[in-house]
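Trainee: I would like to know what stands behind each label you use here. Please set the values against the definitions as we go.

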Amino acid sequence: MDKKVLVVDLDGTLYNTNTFHEFLKYLLSYYFNDFRMFKFNILLFFIKLRLFRMISHSRLKYKVLGLIKNEDIDYQDFVSKLLKHKNKIEEVADSSFDVKILATAAPSCYANWIAKAEGFDVCLATDFPEYGFTTDYENLSERKKENLLGYFEKNNFESVDVFITDHMDDAPIIKIAKKNIIINPNHKLSNWLKENLINFEVRKTK
């Protein structure tokens with residue numbers, strides 16, 4: 001018997017915010033309050049590079065993950081501060097699913113804590129790349145789908161029964177899911193879903 005699988009995106013879906021942006025704010029406060037001005041200034045420098053479009057979002061994430069690699073950060077405290085951004089998604093509490101997967105481009109260092117707190121069985125997120133920066137190291141778009149299917153193959157899962165997301169970046173998984181629940185879709189995503197005859201349901205959140 002096939003196992004019933006739920007896959008949920010994080011930013012803009014499970015939480016109505018960009019958790020990485022929230023994490024940057026948390027890190028700045030962490031370094032400042034701990035009087036670690038050297039790292040505070042390094043982090044601020046990276047953020048400014050991104051604000052002025054001198055580095056990509058992907059490169060910023062890579063720099064930040066490298067900066068915190070050996071830090072003793074209280075991720076549980078950070079995750080607790082995100083609760084105000086949580087969307088109520090009934091499927092996450094639905095016990096009829098055999099496995100629930102949080103699939104996100106967010107860093108695994110805190111995404112794993114979110115997955116645990118929200119009752120997910122598995123978290124597929126972005127790790128610091130072992131062999132240096134590459135343009136596709138993030139658990140995003142096609143790479144997210146590949147990582148998901150890789151997990152399926154190792155664990156003998158057949159398909160994504162329900163996929164919940166808010167973003168066009170997840171088109172590769174949307175195409176293979178049996179059912180899609182789209183959170184607050186914009187006009188571009190709505191048109192794409194209709195043009196590609198995708199089975200989807202719109203879910204509005206505050």
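Trainee: Leaving aside its neighbours within four places in sequence, which residues is A111 in contact with?

Mentor: A111 is in contact with L102, T104, A106, C123 and A125, once those neighbours are left aside; contact means heavy atoms within 4.5 Å. Please keep in mind that this is a predicted model, in which local features need pLDDT of at least 70, side-chain atom pairs count only at pLDDT 80 or more, and totals for chains, interfaces and linings use all residues. Residues are numbered from 1 along each chain as its sequence is written, and side-chain values use heavy atoms, with hydrogens and water left out.

Trainee: Why is A111 called buried?

Mentor: Its relative accessible area is 0%, and buried means under 20%, exposed over 50% and partly exposed in between (1.4 Å probe, protein chains only). A111 therefore counts as buried. This residue lies in helix 5, where helices (H or I, at least four residues) and strands (E, at least two) are DSSP runs numbered from the N terminus.

Trainee: What makes C123 buried and C109 partly exposed?

Mentor: The 20% cut-off separates them. C123 has 18% relative accessibility, so it counts as buried, while C109 has 21% and so counts as partly exposed.

Trainee: How do you know that the end-to-end distance of helix 1 agrees with its number of residues?

Mentor: The expected span is 1.5 Å times one less than the number of residues. For the 15 residues of helix 1 (residues 19–33) that gives 21 Å, and the end C-alpha atoms are 21 Å apart, so the two agree.

Trainee: Why are helix 2 and helix 3 called roughly antiparallel?

Mentor: Their axes come within 9 Å and cross at roughly 170°. Axes are lines fitted to C-alpha atoms, for helices over the stretch in contact, and angles run from 0 to 180 degrees between N-to-C directions. Under 35 degrees counts as roughly parallel, over 145 as roughly antiparallel, 65 to 115 as roughly perpendicular and the rest as oblique, so this pair is roughly antiparallel. The contact is made by K39, I42, L43, F46, I47 and R50 of helix 2 and H57, L60, K63, V64 and L67 of helix 3. Of these, L43, F46 and I47 are among the buried residues of helix 2.

Trainee: Why is R53 called exposed?

Mentor: Its relative accessible area is 63%, and the cut-off is over 50%, so R53 is exposed. R53 sits in the loop between helix 2 and helix 3 and has a positive phi of about 60° although it is not a glycine.

Trainee: And what makes N184 partly exposed?

Mentor: Its relative accessibility is 33%, so N184 falls in the in-between class. N184 is placed in the loop between strand 5 (179–183) and helix 8 (187–195), and its phi, near 45°, is positive in a residue other than glycine.

Trainee: Last one: why is T165 called buried?

Mentor: With a relative accessible area of 0%, T165 is buried. T165 lies in strand 4 (residues 162–165), and its side chain reaches the backbone nitrogen of H167 at 3.3 Å. Not counting residues up to four places away in sequence, T165 touches D9, T13, D170, I174, I181, I182 and I183.

Methods:
Polar contact = N/O pair within 3.5 Å; in protein donor to acceptor, adjacent residues only side chain to side chain.
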